[in-house]
Amino acid sequence: MAKKLFFSGIQPTGELHIGNYLGAIQRWVKLVDSGEYEGIMCVVDYHAMTVPYEQATLKQRSLEAATMLMACGISADKALLFIQSYVPQHTELAWVLNCSCMIGELSRMTQFKDKSKDKGESVAVGLFTYPVLMAADILLYKAAYVPVGEDQIQHLELAREIVRRFNSRFGETFPEPQPLIGEAKRIMGLDGESKMSKSMGNTIALSESPESIWKKLAPAKTDERRKKRSDPGVPTDCNVYMSYHRYFSPAEDLAYVDKGCRSAGIGCLECKKLLAKNMEKELGPIRKRYEDLRQHPQKVEAYLNESAEKCRAIAEATMHEVRSKIGVR
Ligand code: TRP
């Protein structure tokens, strides 16, 4: 039986962190390794232009993001990985789809509303049509599945609406992409107050050394009940437990800290030390592979170029069909 195709994208904004890892990358690796899916993954550099950005470093950041994805386990023998701008058909299809998408629909996108808040009319049109480019990313490959986090579900629903409108006007062309919703992991930052993100300065980067991670982890907020070492706490009210321990530590360690926290048998620092050890077990090999790949950028470039070539062939076939249906060329 033919494998199911999934497509997903990630923005090259700053260093990838454990929020990106737990929320997206780890799932991609699992889907690819399951053998059930074929995967196409994309570092979306054109999306990164929709907000003020640094042109001097964008290319570098895109390459670093791709390198990190490889370090996490995406590889040439398993999946396609490329940088969006290497396949010009993405922006070409986005234009066509712009004409099948209504201003009203885009105005209802909560991400656009958040990002354009208090900016009046000084918002790039690109930010407004961001979800249309995202739809183009998926539809170019006629991907049936899209692993996304909660925050992107609305964009995916819009993509499905665009598909229905396009298909009914121009004839059956694209499948409606289905979201692959995993366990909802909304990883909070070290402050415990907002989602982990580069812009909030509350991240643990995937490439960070254990020493640097410990410097952030040691003072990180825990359950407020534990003011003194002898005060018992509730792990489910502790960000360190809920956002990190839960995902990095094996069941027996979780049972141990749960009991130790509730009985004040262990202190927060001991709990965090165990976490740091478990994080290093998972992140250490990733960091080492990342450092190794950084020494061999030609390996990364070869993979990205080869993937882009294959993607351009698929994308061009789709565009050939689209151009003819819409009445150009
Ligand atoms: N908008 C997505 C995000 O910020 C990234 C993205 C771009 C994407 N194109 C995509 C995700 C296509 C899935 C499919 O997370």
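Which residues line the second largest pocket?

1. **Basis of the model.** The model is predicted; local features need pLDDT of at least 70, side-chain atom pairs count only at pLDDT 80 or more, and totals for chains, interfaces and linings use all residues. Residues are numbered from 1 along each chain as its sequence is written, and side-chain values use heavy atoms, with hydrogens and water left out.

2. **Second largest pocket.** The lining consists of Tyr46, Thr50, Thr91, Ala94, Trp95, Asn98, Val125, Gly126, Thr129, Tyr130, Val132 and Leu133. A pocket here is an open set of points on a 1 Å grid over the protein atoms alone, with protein on both sides within 12 Å along at least five of seven lines; lining residues have an atom within 4 Å of a point. The volume is about 210 Å³, where a volume is the space filled by probe spheres set on the points, and grid points are joined across faces, edges and corners. At least two lining residues come from each of α4 (89-98), α7 (125-128) and α8, and α4 gives the largest share, four residues. Helices are DSSP runs (H or I, at least four residues), numbered from the N terminus. By class, the lining has seven nonpolar, five polar and no charged residues; Ala, Val, Leu, Ile, Met, Phe, Trp, Tyr, Cys and Pro count as nonpolar, Asp, Glu, Lys and Arg as charged, and the others, Gly among them, as polar.

3. **Largest cavity.** Two cavities of 30 Å³ or more are present; a cavity is a set of grid points where a 1.4 Å probe fits but cannot get out. The largest cavity holds about 120 Å³ of space. Its lining has 14 residues, and Arg226, Cys238, Cys261, Cys268 and Cys271 lie nearest its centre. Two or more lining residues come from each of α11 (239-248), α12 (251-262) and α13 (268-295). The lining divides into nine nonpolar, one polar and four charged residues.

4. **Second largest cavity.** This cavity holds about 40 Å³ and is lined by Gln111, Phe112, Lys115, Leu127, Tyr130, Pro131 and His155. Four lining residues are nonpolar, two polar and one charged. Tyr130 also belongs to the lining of the second largest pocket.

5. **Burial of α8.** Helix α8 is mostly covered, with ten of its ten residues buried. Buried means under 20% relative accessible area, exposed over 50%, and partly exposed in between (1.4 Å probe, protein chains only). Among the buried residues of α8 are Tyr130, Pro131, Asp137 and Leu139.

6. Contact means heavy atoms within 4.5 Å. The largest nonpolar core has 56 residues, and Ile18, Ile25, Leu69, Ile74, Leu81, Leu206 and Met279 have the most contacts inside it. A nonpolar core is a set of buried Ala, Val, Leu, Ile, Met, Phe, Trp, Tyr and Cys residues joined through side-chain atoms within 4.5 Å. Helix α1 (residues 18-33) gives the largest share of this core, nine residues. Apart from it lies another core, of 43 residues, including Leu80, Ala94, Tyr141 and Val146.

7. **Two positive phi values.** Most residues other than glycine have a negative phi. Asp118, which is not a glycine, has a positive phi of about 65°. Asp118 is placed in the loop between α6 and α7 and is exposed, with a relative accessible area of 77%. Ala264 has a positive phi near 55° and lies in the loop between α12 and α13. At 13% relative accessibility, Ala264 counts as buried.

8. **Gln89.** Gln89 is placed in helix α4 and counts as buried at 8% relative accessibility. Leaving out residues up to four places away in sequence, Gln89 touches Leu140, Arg312, Ala315, Glu316 and Met319.
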